[in-house]
Amino acid sequence: MRALFAMIALTAGSCSAWAQAPLSSFFGTSSEGWNIETRTNPTGAFSLVQVYTPDYRASGGVSGGYIEELDPDSNWSFFRAPETWLGNRSAFAGRRLEFFVRTDTLNYPDGRLVVLIGNGGQRISHATELPPVGEWTFRSIPLSEGQWRLGSAAAGAVATQAQINAVLGSLERLLIGMEYGGDQLEERVGLDSVIFGVCPGDFDRDGFVDFFDFDAFVGCFEGAGCPPGQTADFDRDGFVDFFDFDAFVAAFEQGC
């Protein structure tokens, strides 16, 4: 079967030109520089209130370790990406931000917010769908026009690609919401397998879309092991079948 898939890969072609490798946190041994940041109302000034250190868990995540936090105060809480993820990330325009989230409470909607802040306080935001309670839920957000809104509450005008690029070009904050309960100490929220600037077809997450990605997907599909944070259920419908293979081929052909 692998030989057949290899022939399909060669027929489909690939884009092997170098692209800046994505940034990732799988939390295998530590919190990897992530913090918790609380802020005032996203519809207002969205000012920084306090910074906390998340709890690290060595097991129980998607494929091992993860970070989590019990809602620390009465403000809006976010997971904050490490400083090393910031700066000029313009090469990530048109790619994706992916992560898994889990919450034990769901009575407040603002935990679904993802906010990027650029130089001079430029803010764009995206509202993900609300996750089910108690399950690791996959999120994949394109860093492209039509997916983000101006401001921090995902309620402003649709951000143009130029506005998204401007924020990515001078990124000062990457915030993933965790405010799924209305009261302090109400909800415990986990985060795992965060990848920033990934192309869906880059299955081995090395910054290329090439035959090695096809080989990695086939190995995963056949049960020989998957790259960190990856699954053979490529379309995330709960099944591993040829619909996943078709979905991967489409992403592979799209390149990066």
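**Exercise 1. Which residue forms a salt bridge with E37, and what does the pair tie together?**

Step 1. R173 and E37 form a salt bridge, with 2.9 Å between the closest N and O atoms. A salt bridge here is a side-chain nitrogen of Lys or Arg within 4 Å of a carboxyl oxygen of Asp or Glu.

Step 2. Because R173 lies in strand β12 and E37 in strand β2, the pair ties together parts that are 136 residues apart in sequence. Strands (E, at least two residues) and helices (H or I, at least four) are DSSP runs, numbered from the N terminus.

Step 3. R173 counts as buried at 18% relative accessibility, and E37 counts as buried at 0%. Buried means under 20% relative accessible area, exposed over 50%, and partly exposed in between (1.4 Å probe, protein chains only).

The model is predicted: local features need pLDDT of at least 70, side-chain atom pairs count only at pLDDT 80 or more, and totals for chains, interfaces and linings use all residues. Residues are numbered from 1 along each chain as its sequence is written, and side-chain values use heavy atoms, with hydrogens and water left out.

**Exercise 2. Find the network of salt bridges to which E37 belongs.**

Step 1. R80 also forms a salt bridge with E37, the closest N and O atoms being 2.9 Å apart. This pair links distant parts of the chain, with R80 in strand β6 and E37 in strand β2 (residues 35-39), 43 residues apart.

Step 2. R80 counts as buried, at 11% relative accessibility.

Step 3. The network links E37, R39, R80 and R173. In the whole structure, a search finds seven salt bridges.

**Exercise 3. What is the strand order of the open sheet of seven strands?**

Step 1. The order is β3-β2-β6-β12-β8-β9-β11, with antiparallel pairing. Two strands pair if DSSP finds at least two bridges between them.

Step 2. β3 (48-52) and β11 (149-150) stand at the edges; each has a single partner strand, so one side of each is left without a neighbour in the sheet.

Step 3. β6 (residues 76-80) and β12 run antiparallel and are joined by three bridges. The bridge partner of F79 in β12 is I176.

**Exercise 4. Are the residues of β8 buried or exposed?**

Step 1. Six of the six residues of β8 are buried, so the strand is largely enclosed by the rest of the structure.

Step 2. L113, V115 and I117 point one way, V114, L116 and G118 the other way, and all are buried.

Step 3. With β12, β8 pairs in the antiparallel sense over five bridges; L116 has L174 as its bridge partner there.

Step 4. With β9, β8 runs antiparallel and is joined by five bridges, and I117 has R123 as its bridge partner. β8 and β9 form a hairpin with four residues between them, and G120 in the turn has a positive phi of about 80°.

**Exercise 5. Which residues of helix α2 are buried, and what covers them?**

Step 1. I164, V167 and L168 are buried in α2 (residues 161-169).

Step 2. Down the axis of α2, the buried residues fall within an arc of 100°, so they line one face of the helix. The arc is that of the directions from the helix axis to the C-beta atoms.

Step 3. The cover includes β8 (113-118), β9 (123-127), β12 (171-177) and β13 (188-198), where contact means heavy atoms within 4.5 Å.
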